[in-house]
Amino acid sequence: MSDVVEPGLAGRPQGHGEAHGPHDAHGSQGTFRSYMTGFVLSVILTAIPFWLVMGNVLDDTRTTGIIIMALAAVQIVVHMIYFLHMNTKSEGGWTFLALLFTLILVVITLVGSIWVMYHLDQNMMQMPPHEALQKP
Amino acid sequence: MHEMTPPPGATAPVFYEQEEHAHGDGGTLFGFWIYLMGDSLIFAVLFACFGVLGRNYAAGPSGADLFDLRLVAINTTLLLLSSITYGFAMLEMDKEKTRTTLIWLAITGLLGAAFLAIELYEFAHLIHEGATPQRSAFLSSFFTLVGTHGLHVTFGIIWLVTLMVQVRLRGLIMANKRRLMCLSMFWHFLDVVWIGVFTFVYLMGVMR
């Protein structure tokens, strides 16, 4: 590590102490508090969907499905922030940009595949499963 | 790498190439992040595959017949606990405490191994009941998706043990810290993927 200090240079993504708090540039960016916050939130966000499904709390499976998918999405964001230390500033914003790009690709892959294949499935000839088993 | 030409009036050479010094990791962590993004595309495709084929039971067993949610709940707990214990290892690493870092890493590894053991038990149980990957499109996509995640955890544990040996031999040197931070991202990423697995595959599968 060079200890030369040159303030105000263009093209420098971030200062040494800016995003890392008390740690040096090699700190893992987390604190005991942030890890525990993330952990407690994750436990809650995990317990609710398991409770909803295992206890058959709601009669409507569609509603339960939507709720647990939403909770999963929230939990993924919690993990990203508290465990993976995701923010819009690290590496001059490039990590976040890469994440956004990946997110777009993931959504296109998932929604596109399920949407297209669902309609394909509907246009197929109706066939009971036991008949389908006989087909080569 | 650096130009040694001082600007007019400057006494010390000024380095305009700041990237390596600002992060000290030569961009390794960012590169590893890009790898993780690529890895999440693999999982996205496998999830899409499961989303499309997940209901094609071919008159075979469905998720509601096969899945034991208690096992999945235990597995989820183990993986979540291993995430926080890895976090504790990173905090100890920041404090330069080699011994406690190794202890937390060992606990993380044991939790990961327990997760794998339960998953392998579940797979063995399914195959014993005749629910093999060959049985239906649903089971093919199930084993591919969950198996790929399990394979990632396996390699994560191998990596973890390797790093524990490295830290034991060389201590918490800069290179080892960088490696531990990469594994940290990998390990937490696997937990993120597992959120998708237990929600989309197990919980939704049981409700169908």
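A cavity here is a set of points, on a 1 Å grid over the protein atoms alone, where a 1.4 Å probe fits but cannot get out. This is a predicted model, in which local features need pLDDT of at least 70. Residues are numbered from 1 along each chain as its sequence is written.

**Close-up 1. The second largest cavity in the structure.** Look for B:Leu79, B:Ser82, B:Ser83, B:Val153, B:Trp187, B:Leu190 and B:Asp191 in its lining, where lining residues have an atom within 4 Å of a point. Helix 4 and helix 7 of chain B each supply at least two residues of that lining.

**Close-up 2. Helix 4 (residues 69-94) of chain B packs with helix 7 (residues 174-207) of chain B.** Their axes, lines fitted to C-alpha atoms over the stretch in contact, lie 10 Å apart at an angle of about 160°. The two helices of chain B, helix 4 and helix 7, are therefore roughly antiparallel (over 145 degrees). Helices are DSSP runs of H or I with at least four residues, numbered from the N terminus.

**Close-up 3. Helix 6 (residues 137-170) of chain B, end to end.** At 1.5 Å a residue, the 34 residues of this helix should span 50 Å, and its end C-alpha atoms are 49 Å apart, which agrees. The expected span is 1.5 Å times one less than the number of residues. Just after helix 6 of chain B comes B:Gly171, with a positive phi of about 80°.

Technical notes. Chains are lettered from A and ligands numbered from 1 in the order in which they are written. This is a predicted model: local features need pLDDT of at least 70, side-chain atom pairs count only at pLDDT 80 or more; totals for chains, interfaces and linings use all residues. Side-chain values use heavy atoms; hydrogens and water are left out. Axes are lines fitted to C-alpha atoms, for helices over the stretch in contact, and angles run from 0 to 180 degrees between N-to-C directions. Angles under 35 degrees count as roughly parallel, over 145 as roughly antiparallel, 65 to 115 as roughly perpendicular and the rest as oblique. On a 1 Å grid over the protein atoms alone, a cavity is a set of points where a 1.4 Å probe fits but cannot get out, and a pocket is an open set with protein on both sides within 12 Å along at least five of seven lines; lining residues have an atom within 4 Å of a point. Grid points are joined across faces, edges and corners, and a volume is the space filled by probe spheres set on the points.
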